[in-house]
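Please open the model in your viewer and keep the selection tool at hand.

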Amino acid sequence: MSIQNDFQEDEIQNHLYQNDKLAKIIYDHKDIQNCQFEHIDFQDAQFENSFFVDVIFSHCDFSNIKINQTLLRRVQFHHCKLMGTDFS
């Protein structure tokens, strides 16, 4: 399945995503666990009321995204672009 199809589900676990795009979309009530994202474009996306647990982001672009009321537990960002990212 593609990353766009997977993100239509509420729960995502144990996946590796590479070289894809999830930009300019609002994601609400997502539970993402034990996943790895490499070279993913999240520009201008929005995550609300979501959970990220044991997730690794590598070389991802988070420019101008909003992460509202979202739990980040044991999340790692490696060489990611975070300019304008709103973690409120």
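Begin by selecting His 78, which lies in strand β9; strands here are DSSP runs of E with at least two residues, helices are runs of H or I with at least four, and both are numbered from the N terminus. The model is a predicted one, in which local features need pLDDT of at least 70 and side-chain atom pairs count only at pLDDT 80 or more, while totals for chains, interfaces and linings use all residues. Residues are numbered from 1 along each chain as its sequence is written, and side-chain values use heavy atoms, with hydrogens and water left out.

His 78 counts as partly exposed, at 33% relative accessibility. The scale is as follows: buried means under 20% relative accessible area, exposed means over 50%, and partly exposed lies in between, with a 1.4 Å probe and protein chains only. Leaving aside residues up to four places away in sequence, His 78 touches Ile 56, Phe 57, Ser 58 and His 59; contact means heavy atoms within 4.5 Å.

**Strand β7 and its partners**

Next, select Ser 58, which stands opposite His 78 in β9. Strands β7 and β9 pair in the parallel sense over seven bridges; two strands pair if DSSP finds at least two bridges between them. Which residue of β7 is the bridge partner of Glu 38? It is Ser 58, and three bridges join β5 to β7, which run parallel. Strand β4 also pairs with β7 in the parallel sense, over three bridges. Within that pairing, Ile 32 has Phe 52 of β7 as its bridge partner.

**The nonpolar core**

Now select Phe 7, Ile 32, Phe 37, Phe 42, Phe 57 and Cys 60, which touch the most other members of the largest nonpolar core, a set of 22 residues. Such a core is a set of buried Ala, Val, Leu, Ile, Met, Phe, Trp, Tyr and Cys residues joined through side-chain atoms within 4.5 Å. Strands β5 (36-41) and β7 (51-58) each supply at least two residues of this core, and β7 gives the most, with three residues. In soluble globular proteins, nonpolar side chains tend to be buried together. Centre the view on Phe 37: among the residues that it touches, not counting those up to four places away in sequence, are Ile 3, Phe 7, Tyr 17, Ile 32 and Cys 60.

**Charged residues**

How many salt bridges does a search of the whole structure find? It finds two, a salt bridge being a side-chain nitrogen of Lys or Arg within 4 Å of a carboxyl oxygen of Asp or Glu.

Select Arg 74 and Asp 54, whose side chains meet in a salt bridge (2.6 Å, N to O). This pair links distant parts of the chain, for Arg 74 is in strand β9 (residues 71-78) and Asp 54 in strand β7, 20 residues apart. Arg 74 counts as exposed at 54% relative accessibility, whereas Asp 54 is partly exposed, with a relative accessible area of 30%.

Lys 30 is in the loop between β3 and β4, and Asp 10 is in the loop between α1 (3-6) and β1 (11-13). Lys 30 is buried, with a relative accessible area of 7%, while Asp 10 is partly exposed, at 49%.

Move to Asp 31, in strand β4 (residues 31-33). Asp 31 is buried yet has no salt bridge, and the nearest side chain of opposite charge, Arg 73, is 9.2 Å away. In this count Lys and Arg are positive and Asp and Glu are negative, while His and the chain ends are not counted.

**Two loop residues**

Finally, select Asn 14, in the loop between β1 and β2 (16-21). Asn 14 has a positive phi of about 55° although it is not a glycine, and it counts as exposed at 55% relative accessibility. Then select Asp 44, in the loop between β5 and β6, where phi is near 60°, again a positive value in a residue other than glycine. Most residues other than glycine have a negative phi.
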